[in-house]
Amino acid sequence: SVPPVEPSLPGAAAAEPLPPPLTEAEKERMELDAVYKAIESGDLAAAEARLSRLVSLKPDNRSYPVLRASVLLSMGRIDEARASLKAELAAWPDNSEALFALAELERFAGDAKAHRAAIEALLAKDPKNVDAQAAMGDIQYEGKNYRKAEEAYAAALAVAPAHVEALLGLARVQYRREDMKGALATLDKAVAAAPRDSIAYLDRSRVLYQLGRYVECEADMDEAIRLGPESSWNYLERGRLYLDTGRMDLAMADLSASIRLEPDYFLAYVYRAAIYESRGEDALALDDYRKSSSLYPDYWYSFESMGVLAYRLGNWREAFSAFDKASSYTKAHAEYYVAAALSLLRSGDAKAAKEHAGARLARIDRTKNYAQWLALRLMYDQNEMTSELESYIGAEKSLDVKAGTLFYLGAYWVSRGKIDLGSKYIRMSYDSDRMGTIERSMAEADLARLSAR
C-alpha cells in the first residue's frame, strides 16, 4: 500500500541546500568587481583600500600595484603613486605595465624629461610595446619632429593596426602636413576601432572642417559632445563652427559652455568676444579680450582687439596700454605704435604722446612702413605741418595704407580741436570701406562721437 503523505505546514518551503563555499578565485573576482564599482561611483578611497588588500593577498599579481597607483594618482596622491610604482619596479624590473604607468604618471605630473626616460626604458626592454611606441610618437610630435613621430606611430600600427592612440597620432601628423585626405582615412579607422571615443570624432570633425564638409563636420561634433559632454574642447570646436556659419546664438551657448568647463583657456573668450562685437556689445567683448590676454599674453591679437574696443569706448589709457603691449609681441604691425601714441593724444596727455612717439620712431622700418613712420612723427612733432603726410597719402597706391593714414591724420586734427578738418579726413577713411582694419573700426567710433556733439 501507498504510505500516507504527511500534510505540509502552511507556508513551509522545501529546505534549500547550502551553497558551496566560494573559491579563492571567485573571492578575488568579487573583490575586483567591487573595486571597479567604487571607481565608477567616485569612491576612490574605498577602491584604494580594497586594492591594498588585493595587493597583500595576491602579491604575485603584477597588475594590482599598477591599478592601485592609478587610483592614487586620481586622488592626487602623486608621490605615493610614484613610490608605489618604483617599489614594484625595484622588485619586478620587467613589469612593463608598471613602467608604462610610471611614464604616464610623469607625463601627468608635467615632468617631460622623466616621462621620456620611462618610455625609452620601456622600449629598451620591450621594443614592440605598442603603447610605448605610440607614446614615443606623441613625444616626437610635441617636439615637432614629425618624421620620427610618424615612424613611431607606424611601428605601433604594424603590431596593432587598430591601436587608437597611434591612429590619432598619425592623423595629427598628416593634418600638420596638410594631407587632409590621408588624415581623414586614418581617422575613419580610428572611429571604426573606437566608436565611443569622443576624441576620434572631434579630430575627424577638424579634418572635415578643413575639407569644407560642414554637414559631416557638425555631425561628428554632435557625436563628440554626446560621448564627451565633460570636454570643453568639444563645445569650443562646435562653437567655432556655429560662429563661422553665422549661427551666433548657438555659438554663444557652446562657447559659454566651454568656458564653464575650462575657465582658464583663452581661445573660447576670443571667439565669444567676436560674437559680442558683432552684436555691438563692446563692453562685454572688451571684458572677454581682457580675460583672454591675461590667460595667454602671447596671443597678441587679443591686445589689438582690446585696443580697438577701448578706443571705441573712449577708454584712452587702456587703448594705449593694449596697443603698446600688442607692439611688444609683434613687429609686423607698425600701426600699433601710431595707435598707441594717438590714444595718448586723445586722452589729453600730449607730453606722454610725444615721449612715446619719440621712443618708437626708431623701431619702424621706414622702407617698409613709411606711412606709419610719417604718422608717428606727426604725433611727435605735434605741429600743423602735415603737408608731407598729405602728399604721401595722395600718391599712395595701397588703399589700406591710404585709408589708415587718412584716419590717423583726421584723429590727430580732432585731438588738436580742429573738429571739422579732422572729421573730413576720418569720413574719407571710413568711406574707403577697408573692412577688417583697426583704423576702420576706430574711424566708425569717432564718427559716431562727432555726430553726437
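Here are a few questions and answers about a predicted model.

Reader: What should I know about the numbering and the confidence limits?
Author: Residues are numbered from 1 along each chain as its sequence is written, and side-chain values use heavy atoms, leaving out hydrogens and water. In this predicted model local features need pLDDT of at least 70 and side-chain atom pairs count only at pLDDT 80 or more, while totals for chains, interfaces and linings use all residues.

Reader: Is α17 largely enclosed or exposed?
Author: Buried means under 20% relative accessible area, exposed over 50%, and partly exposed in between (1.4 Å probe, protein chains only). Among the buried residues of α17 are F303, M306 and Y311. Ten of the 13 residues of α17 are buried, so the helix is largely enclosed.

Reader: Is L421 buried or partly exposed?
Author: L421 lies in helix α24, residues 419-431. Its relative accessibility is 29%, so L421 counts as partly exposed.

Reader: How far is L421 from A411 in space?
Author: Along the sequence, L421 and A411 are ten residues apart. From C-alpha to C-alpha, the distance between L421 and A411 is 9.5 Å.

Notes:
Helix = DSSP H or I, 4+ residues; strand = E, 2+ residues; numbered from the N terminus.
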